[in-house]
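User: I've got this model open and I'd like to talk through its helix packing and aromatic residues. Can you walk me through it?

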Amino acid sequence: MNIVYNDIIDWEPAVLSFVFNDGEALKLDIKEAIRGWFASRSECRLHDCKCFLQFIEIDGIDRKRNKVTVLCQWICKRCVGSLYRYVDEQVSSIDHMELGINFPDEDLVGTETQWIYVPERTVLFEDGREELVNPFFTTKRPVSNAEFAAFCVQTGYLTTAEKEDPDLETETYFDNALLHGLSKREKEEAYVVNVSYFDVEEYCKWRNVRLLTEKEWLSAAVIKPVLLEKEPEFQDVRRFQSLGNALFFECGEWTSSIDHETGLVVRRSGPQYALYKGWEKSHYRQLSKKGVYDYFTFRVCKDL
């Protein structure tokens with residue numbers, strides 16, 4: 001299965017594009033196959049899936065290359081794969097399917113980041129305060145070691161940990177306990193830790209992105225407007241992670257928000273995916289000095 005994940009993946013509605021090699025004649029065949037899959041999907045639930053599926057529009061061929069684009073209501077990853085396989089079986093000349101769209105401006109340098117769209121939401125804080133958050137784009141995963149290393153190599157930047165301990169007797173982003181025993185590729189893909197707020201600021205300047213505010217972090221993290229009876233268990237987390245607009249969490253993360261009473265930076269580790277009864281009593285919110293580096297990571301965002 002050849003599915004290409006583009007920069008912006010908004011699942012409400014989802015944008016699916018079938019790219020093919022031959023000419024105009026395939027356009028009708030692809031459209032017919034798409035309609036056939038949706039018709040069969042409405043008659044029975046694939047995989048007992050509970051996502052709501054209804055295609056909105058089938059577009060024509062891209063002027064620059066052969067492409068048929070489908071807009072549909074929210075669709076899960078398993079159904080995306082099912083649709084692709086069905087169309088590929090019906091139309092043999094499919095080259096690949098693209099999920100989402102690319103940024104209209106130039107690509108971000110040295111990254112393979114998967115971006116997701118966070119719609120306008122009202123978020124709830126531990127003290128009962130509510131705030132409206134405007135839509136934005138953020139990354140599905142925190143910044144990786146490979147992404148952060150590209151910044152350090154290209155700019156010659158030394159992290160706070162490296163400056164404070166030139167002999168490197170303390171842990172750094174490229175040498176810490178979380179990386180022990182991992183392969184080279186696993187180390188590169190692992191989320192970066194042992195970076196201070198100062199390090200995060202410089203990385204964001206270099207990449208022309210920014211750090212999420214605390215309310216943006218909550219808006220992206222809590223994707224289900226329901227109150228669960230208890231904290232999500234392992235099977236609940238796996239179910240939430242299958243949703244296209246769900247973030248992947250590795251550990252606590254820096255935000256750009258400053259606590260007004262203490263002047264310290266806010267770091268968050270939850271809530272994740274959904275709120276539950278008593279969540280506001282959990283210690284998800286942590287305050288930290290800007291120079292601290294430990295097992296906290298960060299993700300970035302981009303305005304519309």
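User: How many residues apart are Phe148 and Phe151 in helix α3?

Analyst: This is a predicted model, and in it both Phe148 and Phe151 sit in helix α3. They are about one turn of the helix from each other, which comes to 3 residues apart.

User: Is Phe148 buried or exposed, and what about Phe151?

Analyst: The cut-off for buried is under 20% relative accessible area. Phe148 comes in at 0%, so it's buried. Phe151 has a relative accessible area of 3%, so that one also counts as buried.

User: Over in helix α6, what kind of aromatic pair do Tyr203 and Trp206 form?

Analyst: Tyr203 and Trp206 are 3 residues apart in α6, so about one helical turn separates them. Their ring centres are 5.8 Å apart, with 50° between the planes. Planes over 60 degrees apart would be edge-to-face and under 30 stacked, so this pair is tilted.

User: Which class does Trp206 fall into, buried, partly exposed or exposed?

Analyst: Tyr203 is at 0% relative accessibility, so it's buried. Trp206 has a relative accessible area of 24%. Since buried means under 20% and exposed over 50%, Trp206 is partly exposed.

User: How are α3 and α6 oriented to each other?

Analyst: Helix α3 covers residues 145–155 and helix α6 covers residues 197–207. They pack with their axes 10 Å apart, at an angle of about 80°. Angles of 65 to 115 degrees count as roughly perpendicular, so α3 and α6 are roughly perpendicular.

User: Which residues make that contact, and how many of them are nonpolar?

Analyst: From α3 it's Glu147, Phe148, Ala150, Phe151, Gln154 and Thr155. The α6 side brings Asp199, Glu202, Tyr203, Trp206 and Arg207. By class, the contact has 4 charged and 2 polar residues, and the nonpolar ones number 5.

User: What kind of pair do Phe148 and Phe151 form?

Analyst: A search of the whole structure turns up 14 aromatic pairs, and Phe148 with Phe151 is one of them. Their centres are 5.5 Å apart, with 70° between the planes. Over 60 degrees is the cut-off here, so the pair is edge-to-face.

User: Which residues form one aromatic cluster?

Analyst: Phe148 and Phe151 belong to it, along with Tyr203 and Trp206.

User: Which ring does the charged end of Arg141 sit over, and which face does Arg267 lie over?

Analyst: The charged end of Arg141 is 4.2 Å from the centre of its ring, and that ring belongs to Phe248. Arg267 is 4.7 Å from the ring centre, lying over the face of Trp254.

Definitions and conventions
Residues numbered from 1 in each chain as written. Predicted model: local features only at pLDDT ≥ 70, side-chain atom pairs only at ≥ 80, totals over all residues. Heavy atoms only, no water. Axes fitted to C-alpha atoms, helices over the stretch in contact; angles between N-to-C directions. Helix = DSSP H or I, 4+ residues; strand = E, 2+ residues; numbered from the N terminus. Parallel < 35°, antiparallel > 145°, perpendicular 65-115°, else oblique. Contact = heavy atoms within 4.5 Å. Nonpolar A, V, L, I, M, F, W, Y, C, P; charged D, E, K, R; others polar. Phe/Tyr/Trp six-rings, centres within 6.5 Å; stacked < 30°, edge-to-face > 60°. Buried < 20%, exposed > 50% of the residue type's maximum accessible area, 1.4 Å probe, protein only. Lys NZ or Arg CZ within 6 Å of the ring centre and 35° of its normal.
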